[in-house]
Amino acid sequence: MERGTTLFLKAAVVLIGLPILAIYIFVVPNIGNFAAELYPEYTSIRIWVWIDLYATAIPFYFALAEAFKLLIHIERKRAFSDLAVQALKRIKYCGIGVGGLFAIGMPLFYLMAERDDAPGIIVIGMVIIFACLVIAVFAAVLQKLLQEAIAIQLENELTV
């Protein structure tokens, strides 16, 4: 792959991370405060919402870092290597992790939707979970294809 293409993809990975970082900085605290306003009798609901949402940042940014490393491997002509397979495997687990953390937090968001009479919160949560699982499945398929391609490449190298 040409350097210009990987440079564009690296920039895209960085640009994906920036708005999400802004959401974690500016929106997530407001969501926790909103939950605390809806349920003043539950003093710790704000903390639980923050823990759940901020916990999703860890696998999300880890997956972005792995995608960046994968692009570096492609740029250095190591796309068909075990390093690339491992990067895809970690991206798959990160997708499952983000989706799982959102699924764990869905009861909190259900409570917020019930009290505020806003069922769209549940729909948004389900879309995020579904998107994370699609990413995990896509990474798993690419991982399997890459493993097969490496096996075929190794077999062809051994053929005289």
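Visitor: At what angle do helix H3 (residues 57–75) and helix H4 (residues 82–116) pack, and how far apart are their axes?

Guide: Two packed helices are described by the angle between their axes and by the distance between the axes. For H3 and H4 the angle is about 160 degrees, and the axes lie 9 Å apart. The axes are lines fitted to C-alpha atoms, for helices over the stretch in contact, and angles run from 0 to 180 degrees between N-to-C directions. Helices (H or I, at least four residues) and strands (E, at least two) are DSSP runs, numbered from the N terminus. This is a predicted model, in which local features need pLDDT of at least 70 and side-chain atom pairs count only at pLDDT 80 or more, while totals for chains, interfaces and linings use all residues. Residues are numbered from 1 along each chain as its sequence is written, and side-chain values use heavy atoms, with hydrogens and water left out.

Visitor: How are H3 and H4 oriented to each other, roughly parallel or antiparallel?

Guide: H3 and H4 are therefore roughly antiparallel. Angles under 35 degrees count as roughly parallel, over 145 as roughly antiparallel, 65 to 115 as roughly perpendicular, and the rest as oblique.

Visitor: Which residues in H3 and H4 meet?

Guide: Contact means heavy atoms within 4.5 Å. On the H3 side, Pro59, Phe60, Phe62, Ala63, Glu66, Ala67, Leu70 and His73 take part. In H4 they meet Leu83, Ala84, Ala87, Leu88, Arg90, Ile91, Cys94, Gly97, Val98 and Leu101. By class, the contact of H3 with H4 comprises 14 nonpolar, 2 polar and 2 charged residues. Ala, Val, Leu, Ile, Met, Phe, Trp, Tyr, Cys and Pro count as nonpolar, Asp, Glu, Lys and Arg as charged, and the others, Gly among them, as polar.

Visitor: Which residues in helix H2 (residues 45–55) are buried?

Guide: An α-helix has 3.6 residues a turn, so residues three or four places apart point the same way. In H2, Ile45, Val49, Asp52 and Leu53 are buried. They cover an arc of only 90 degrees around the axis, which puts them on the same side of H2. The arc is taken over the directions from the helix axis to the C-beta atoms. Buried means under 20% relative accessible area, exposed over 50%, and partly exposed in between (1.4 Å probe, protein chains only).

Visitor: At what angle do H2 and H4 pack?

Guide: H2 and H4 pack at about 145 degrees, with their axes 9 Å apart. H2 passes H4 in a left-handed crossing. From H2 the contact takes Ile45, Trp48, Val49, Asp52, Leu53 and Ala55, and from H4 Leu101, Phe102, Gly105, Leu108, Phe109 and Met112. The contact of H2 with H4 has 10 nonpolar, 1 polar and 1 charged residues.

Visitor: How do the axes of H2 and H3 cross?

Guide: They come within 5 Å and cross at roughly 10 degrees. That makes H2 roughly parallel to H3. Leu53, Tyr54 and Ala55 in H2 meet Ala57, Ile58 and Pro59 in H3. The residues of this contact divide into 6 nonpolar, no polar and no charged.

Visitor: What is the phi of Lys77?

Guide: Most residues other than glycine have a negative phi. Lys77, in the loop between H3 and H4, has a positive phi near 65 degrees. At 66% relative accessibility, Lys77 counts as exposed. Asp117 also is not a glycine and has a positive phi, of about 55 degrees. Asp117 lies in the loop between H4 and helix H5 (120–158) and is exposed, with a relative accessible area of 67%.

Conventions:
A crossing is left-handed if the near helix is turned anticlockwise from the far one by less than a right angle, and right-handed if clockwise.
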